[in-house]
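Work each one on the coordinates before reading its solution.

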Amino acid sequence: MVFVGVHGEWGRIDVTQADLGCGQDREGIYKTKPPAPLTCYECAWRLHLVHKTHGAYDLWFLRHANNAPHCEARLAGEGTAHHLLKLDLAQHARAAGWSAEYEVAAPDGSWRADVMATSPDGGRRVALEAQMAAISITDIEARTDRYRAADVEVCWFTDRKTAPWLDNVPSVQIARSDDDGHVQVTAGAARFESKWSENHADCGLRECEDCGAGVDGPLPCGGHGQWLPVDAFPLERFVAAIGANTTRPHRLRTGLHTKGNQRWITHRHFELEEEQLQAHARRYRIVERLAAVQQRQREARQAAEQEHLAAIEALLQRPKALVKPVVEFVFQQTGASPNVARDGCPEFAMGVPVYVRGKPYAVICPVASRVPALRRRLAPLVLFAASERERSRIAAQAAPGQRVEVLAVELPSTLPPAVPPQRAQGSLTIKQAVNRMLGLDRM
C-alpha cells in the first residue's frame with residue numbers, strides 16, 4: 001500500500017490527489033485496459049490503483065502486483081493506521097497552505113520522509129513522520145540528526161501507548177477516535193504555568209537551596225512556575241501551528257531534570273519560562289552577594305570572639321605569672337611562706353588574695369574599676385601589678401598612700417591565634433572565663 005508511483009508518460013504521480021499531482025485524472029489509470037504503465041519508484045515493479053472506503057475516508061492507493069520483490073517502499077507503506085495518518089498529515093499541511101508530498105527521499109538516500117511539507121515560499125521543509133512501529137531511541141535520534149543536517153525540520157507522530165523516545169526528539173503522541181475517526185494530539189505539547197510569591201520583592205519560600213536557604217534577609221521571588229501537559233487537541237490545529245511557526249520543539253529548562261524533556265511549545269510559554277529563569281538568576285546573584293556579606297560578618301564576629309577570648313586568657317594568665325615572684329617577695333618581707341588562692345574573687349576586686357599566717361596580706365592584679373568599692377577593705381593590703389601602666393590604674397583607685405608593687409614578669413601575648421585553638425578537656429570556655437572574671441561562678 002503506497003501513495004506514490006511512476007507513470008510511464010506522466011512521471012511521478014500522487015494518487016491521494018484528484019489530479020494525481022500532475023494535472024491528470026484518476027480515471028486515466030483506474031481499471032484501464034491495457035493496464036496503465038505504473039511502476040514503483042523503489043523497485044520498478046508494476047503497480048495498480050486501488051479504491052476503497054474506510055469509515056469517512058475515501059481511499060486511493062497503489063498496490064504492487066503479485067510476486068513483487070522485497071521493496072522498502074512497500075514495507076514502509078504497510079498498515080492501515082500508518083496509511084491513514086499519512087493521509088491526515090498531508091491533508092492538514094495542504095489545508096494550512098503548504099504543499100505536501102509522500103515518500104520524499106534525500107538525494108543520497110540518507111532519509112525518506114513519509115510526508116514532506118514545504119512552505120509556500122519554499123523556505124521551510126518539515127518532514128512529518130508517521131512512526132507506528134517500534135524503534136530505538138538511538139535510531140530515531142540518528143534519523144532526526146540526518147534531517148537536521150539537511151536543514152529539514154521534523155516531527156514524529158506515533159499512536160503507540162509507550163514510546164521511550166517520545167520526549168527525546170520533536171514528537172507527539174496521537175489517538176484516533178473510534179466514533180468519528182478524528183485524530184487528537186494527546187502528549188508531547190506543554191504549557192508553562194507561572195507562579196509568583198504575592199510580594200515579588202520578598203519571597204518567603206526557603207525550603208530548598210535554590211530558594212536561598214541559609215541566607216538571612218528578604219530575597220526577591222525567583223518564580224515557582226512549572227511546565228504542565230496540554231489537554232488533547234485536534235491534529236489539524238497542531239499541523240497548522242507548525243506551518244504558522246507558532247509552535248516549536250523546545251528542551252524544557254525548568255522543572256525537569258532528565259534527558260527526555262523535549263516538548264512542543266508556543267513562544268508565549270517560552271517567554272514565561274525565560275522570565276522565571278531570569279528572575280531565578282537575579283535571585284541567585286543576590287543570594288551569592290548576601291551569603292558573601294554574611295560570611296564576612298560571621299568571620300568578623302569569630303575574629304572578635306577570638307580576640308576577646310585571647311584578652312580574657314591573658315587576664316587569667318597574668319596573675320598566674322605573678323604567683324612565683326609574689327611568693328618570693330612576701331617571704332622576703334615577712335619571713336613566712338604565703339598561701340596564694342587559686343583564682344580571683346569579688347571580695348578582693350577580682351584579684352587573687354595572698355594569705356600570711358591565715359590572714360590576707362596582699363592581692364595580685366585586682367581590677368582597678370572594682371577597687372573603689374572595696375577601698376577600705378583593701379587599704380591594709382599590698383597590691384601587686386604586672387606593669388607600670390597597671391600599677392598607675394590601680395593606684396588611682398586605691399586608698400591614698402596604699403602600697404602598690406610592680407613585679408616585672410614576661411606576660412603572654414594578647415593577640416588572638418589565627419585559627420581558634422581546640423579547647424582541651426577541662427579548659428575554660430569564653431562564658432566560663434567571663435563568669436570567672438566577674439565572679440559569677442562563685443555566686
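**Exercise 1.** Which residues does Val327 touch, not counting residues up to four places away in sequence?

*Solution.* The coordinates come from a predicted model.
- Start with the location: Val327 belongs to helix α5, which covers residues 267-334.
- With neighbours up to four places away in sequence left out, the contacts of Val327 are Pro338 and Val340.
- For Val340, the C-alpha to C-alpha distance from Val327 is 7.9 Å, at a sequence separation of 13 residues.
- Val327 has a relative accessibility of 28%; buried means under 20% and exposed over 50%, so Val327 is partly exposed.

**Exercise 2.** Find where Cys43 lies, and list what Cys43 touches, not counting residues up to four places away in sequence.

*Solution.* 
- Cys43 is located in the loop that runs between β3 (38-39) and β4 (47-54).
- Leaving out residues up to four places away in sequence, Cys43 is in contact with His64, Pro69 and Cys71.
- The C-alpha atoms of Cys43 and Cys71 are 5.9 Å apart, while the two residues are 28 residues apart in sequence.
- The relative accessibility of Cys43 is 22%, and therefore Cys43 counts as partly exposed.

**Exercise 3.** Describe the surroundings of the Phe348 ring, starting with Tyr355 and then turning to Arg377.

*Solution.* 
- The ring centres of Phe348 and Tyr355 are 6.5 Å apart.
- The planes of Phe348 and Tyr355 are at 85°, so this pair is edge-to-face.
- Phe348 has 3% relative accessibility and so counts as buried, whereas Tyr355, at 25%, counts as partly exposed.
- Arg377 has its charged end over the ring of Phe348, at 4.9 Å from the ring centre.
- In summary, the ring of Phe348 pairs edge-to-face with Tyr355 and has the charged end of Arg377 over it.

Terms used
Residues numbered from 1 in each chain as written. Predicted model: local features only at pLDDT ≥ 70, side-chain atom pairs only at ≥ 80, totals over all residues. Heavy atoms only, no water. Helix = DSSP H or I, 4+ residues; strand = E, 2+ residues; numbered from the N terminus. Buried < 20%, exposed > 50% of the residue type's maximum accessible area, 1.4 Å probe, protein only. Contact = heavy atoms within 4.5 Å. Phe/Tyr/Trp six-rings, centres within 6.5 Å; stacked < 30°, edge-to-face > 60°. Lys NZ or Arg CZ within 6 Å of the ring centre and 35° of its normal.
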